[in-house]
Amino acid sequence: MTDHGMNKNDASIPHSVWPADWLRTAEREAADSLGLTLYELMQRAGDAAFQAARAAYAHSQRWLVLCGHGNNGGDGYVVARLAQAAGIEVTLLALESDKPLPEEAQAAREA
């Protein structure tokens with residue numbers, strides 16, 4: 001059991017939860033410090049997530065990728081594209097909204 005009373009699943013990918021406002025600021029600062037656009041940062045994040053999932057589930061040939069309606073959804077589109085390019089069968093489910101996707105997430109979706 002963790003300190004939060006949740007069951008630990010050793011087969012799960014490690015994760016942390018951060019407040020959205022803090023994360024938006026951190027992403028902008030990280031992109032600026034590296035001389036990257038937010039889209040380029042999204043590509044790197046999606047690639048890192050793909051690599052971590054691929055290493056954790058090396059024998060998986062079918063993935064379900066869920067994409068929200070924000071920049072985390074954009075990361076999901078990057079993961080789905082990379083998985084498909086690696087020969088993995090991908091099912092992608094995306095949350096639709098009346099609001100347009102953020103620019104970076106829309107670019108990732110189109111790619």
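Visitor: Over which residues does pLDDT stay under 50?

Guide: Where pLDDT is low, the predicted coordinates should not be read in detail. This is a predicted model, and pLDDT stays under 50 over residues 1-6. For residues 1-6, the model has 3 contacts beyond four places in sequence.

Visitor: What does the protein average in pLDDT?

Guide: The average is 88. At least 70 is the score of 86% of the residues.

Visitor: Now the strands. In which sense do S1 and S2 pair?

Guide: Strand S1 covers residues 62-67 and strand S2 covers residues 89-94. They pair in the parallel sense, over 6 bridges. Look at who stands opposite whom. Leu64 faces Thr91 in S2, and Val65 stands opposite Leu92 in S2.

Visitor: How do I read the two faces of S1?

Guide: In a regular strand the side chains alternate between the two faces of the sheet. In S1, the covered face holds Trp63, Val65 and Cys67. The uncovered face holds Arg62, Leu64 and Leu66.

Visitor: Take Leu64. Is Leu64 buried or exposed?

Guide: Residues over 50% relative accessible area count as exposed. Leu64 has 53%, so Leu64 is exposed.

Visitor: Beyond its neighbours within four places in sequence, which residues is Leu64 in contact with?

Guide: Thr91 and Leu93. Leu93 is 29 residues apart from Leu64 along the chain, yet their C-alpha atoms are separated by 7.6 Å.

Visitor: What do S1, H3 and S2 make together?

Guide: A right-handed β-α-β unit. Helix H3 spans residues 71-85.

Visitor: Which residues of H3 are buried?

Guide: An α-helix has 3.6 residues a turn, so residues three or four places apart point the same way. In H3, the buried residues include Gly73, Gly76, Tyr77 and Ala80. Val79, Leu82 and Ala83 are also among them.

Visitor: What do the buried residues of H3 pack against?

Guide: They pack against S1 and S2. They also pack against helix H2 (38-56) and helix H4 (103-110).

Visitor: How far does H3 reach from its first C-alpha to its last?

Guide: H3 has 15 residues and reaches 21 Å. That is close to the 21 Å expected at 1.5 Å a residue. Now try helix H1, residues 20-34. H1 also has 15 residues and reaches 21 Å, close to the expected 21 Å.

Visitor: Which residue follows H1, and what is its phi?

Guide: Gly35 follows H1, with a positive phi near 70°. Just after H3, Gly87 takes a positive phi of about 90°.

Terms used. Residues numbered from 1 in each chain as written. Predicted model: local features only at pLDDT ≥ 70, side-chain atom pairs only at ≥ 80, totals over all residues. Heavy atoms only, no water. Pairing = 2+ DSSP bridges. Helix = DSSP H or I, 4+ residues; strand = E, 2+ residues; numbered from the N terminus. Right-handed = clockwise from strand over helix to strand, strands pointing away. Expected span 1.5 Å × (residues − 1). pLDDT = per-residue confidence, 0-100. Contact = heavy atoms within 4.5 Å. Buried < 20%, exposed > 50% of the residue type's maximum accessible area, 1.4 Å probe, protein only.
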